[in-house]
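Keep the structure in view while reading.

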Amino acid sequence: MSSAAAQSASGSGPKAERFDPSIAHLTHVPRRHYGRWIASLLILIVFAYVAKAFAEGQIDWKVVGQFFTAQSILSGLGNTIIMTICAMALGIALGVLFAIMVMSPNPVLKGVAVFYIWFFRGTPLLLQLLIWFNLALVFPRIGIPGLFEARMVDVMTPFVATLLGLGINQGAYTAEVVRSGILSVDVGQTEAAKSIGMTRLTTLRRIILPQAMRVIIPPVGNEVISMVKLTSIASVIGYAEVLRNAQTIYYANARVIELLIVAAAWYLMIVTVLSVGQHFLERYFAKGQSRRKTRPAARPTLES
Amino acid sequence: MIPIVVAADVRKAFGSVQALDGVSIEIPAGQVMCIVGPSGSGKSTLLRCINQLERIDSGAIWVDGELIGYRRVGDKLYELTDAEIARQRLTSGMVFQRFNLFQHMTALENIIEGPVTVQKRRRRDAVDEAVALLERVGLGAKRDSYPSELSGGQQQRVAIARALAMKPKLMLFDEPTSALDPELVGEVLSVMRDLASSGMTMIVVTHELGFAREVANEVVFMDRGAIVERGSPQEVLVHPQQQRTRDFIAAVLA
């Protein structure tokens, strides 16, 4: 078999005539995937059943449509988006800062960063949110002596408490992501940067972080998407985001599922838009990396 | 002759391994010096200490007349800051075994990065010079290619251009052809040969004994963290005096 294949491949030798070249023009028929057809059919049946159940269930779709663009829902949506942006910005800023501190040779900075990551990753987010919101119980007044002073209850609004709670908690996770991104960049890059006279900070800014972004973007994209949904837990301390406002409405009109569907649809829409954005961001930071020729498969990428 | 590099009793250990065991050497300006020796002999470490990529445990190194890494106050040596060390590194250019081109930058961007970001020169001037340097290493057509699109030999030539763009007084080569496929070694050596004939001071750690014999003014043989033998290529590579040198050359040529 193998020797015959070798012979026909070389196309020479007296035995080549044994093969029938006239079949070369016959049509190739791909293998049929019966398993896939059966699986598709089963899934269609299940899907139709679920769709039927929802269509016949006690859901008033008119109410869903009516509240989909209600003033209160839209303003809640706005608050959700604003909080996602602010908390994520705070989280990324703290994440980069603490990632650099964790990797610092300075034992004091390193210690502070290790403690920060340990503390905020080690306690539930809901608990942190409640602590921030109730901080006035411990510190009734806040300020710098002689400069300004205010009552803590006035400062720690639901917005501020949510921002601090989500942002600082997020920073602890992002710090680990940024650290792994920095570690993914070859030490040779740092040495080359030093050899052309760059200081440590310039090396980080110009050489290391831009390359670390390739590794950092996918998990941070995931975290932005989680953050959109995490803002919903701020409803417990009265931050008027989309879920909170949906709840306020259904407390009044008892259309619980309808309003939850409205909220779910809006979350899905935001997340879909963000996923598309993440795709383009990943492509941008992959420049110079995607067409690797000289060192193929130098580093396996772990992207989901 | 004015020495460009002076090392006095330099010691450096990695854990229990003594990489440099009291190295003293004067390297004259305007010459090509090749350092050869078995792996682990400390030759790369010596080069990296000259560029302060490694910190020495004891001893002293002067580059271009300046004590590097430390400031002498009385009878103590105080370590310099990050910024001062960065400034001292500008005297020398370094070419690495693994090229270490910035992966997220094109060939041209790699070359102008130092002049623009570190030396704060005008971007347009830096680009003009970078284009000329790319022509000089025979890669004028590759200015907009990323490192991943270049062969090893092309990457190493861009790396040489990147180091030259800083206008160093001294070029350090750390096994510049060791990571290359055999057919790509020649193009890199030819660029280095041109550089040598232009009068650049070069210290080359290499396994290419042919290149050393042809281009070097002086050859140093190192073993176990010490300089065993030093002299003209003829003396060290053809008629070595020391048994260790003879064994090494026999092993390489075998």
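Q: Is B:Q52 buried, partly exposed or exposed?
A: This is a predicted model, where local features need pLDDT of at least 70, side-chain atom pairs count only at pLDDT 80 or more, and totals for chains, interfaces and linings use all residues. Residues are numbered from 1 along each chain as its sequence is written, chains are lettered from A and ligands numbered from 1 in the order in which they are written, and side-chain values use heavy atoms, with hydrogens and water left out. Buried means under 20% relative accessible area, exposed over 50%, and partly exposed in between (1.4 Å probe, protein chains only). The relative accessible area of B:Q52 is 12%, so B:Q52 is buried.

Q: Which residues does B:Q52 touch, not counting those up to four places away in sequence?
A: B:Q52 sits in the loop between α1 (43-50) and β4 (58-63) of chain B; helices (H or I, at least four residues) and strands (E, at least two) are DSSP runs, numbered from the N terminus. Contact means heavy atoms within 4.5 Å. With residues up to four places away set aside, B:Q52 touches B:I68, B:G69, B:I85, B:Q88 and B:R89.

Q: What area is buried between chain B and chain A?
A: The contact draws 31 residues from chain B and 26 residues from chain A. Buried area is the accessible area (1.4 Å probe) that two parts lose on being put together, summed over both. Carbon and sulfur atoms give 54% of a total of about 2600 Å².

Q: How far apart are the closest N and O atoms of B:R48 and A:E191?
A: A salt bridge is a side-chain nitrogen of Lys or Arg within 4 Å of a carboxyl oxygen of Asp or Glu. Between chain B and chain A the count is two salt bridges. B:R48 forms a salt bridge with A:E191, and their closest N and O atoms are 2.6 Å apart.

Q: How many residues apart in sequence are the parts that B:E175 and B:K43 tie together?
A: B:E175 and B:K43 form a salt bridge, with 3.8 Å between the closest N and O atoms. Both B:E175 and B:K43 are buried. B:E175 lies in the loop between β9 (170-174) and α6 (182-197) of chain B and B:K43 in helix α1 of chain B, so the pair joins parts whose separation in sequence is 132 residues.

Q: Where is confidence lowest in chain A?
A: pLDDT is the predictor's confidence in each residue, from 0 to 100. Chain A has a mean of 87. Its highest value is 96, in helix α9 (residues 187-195) of chain A, and its lowest is a mean of 47, in helix α1 (residues 2-10) of chain A.
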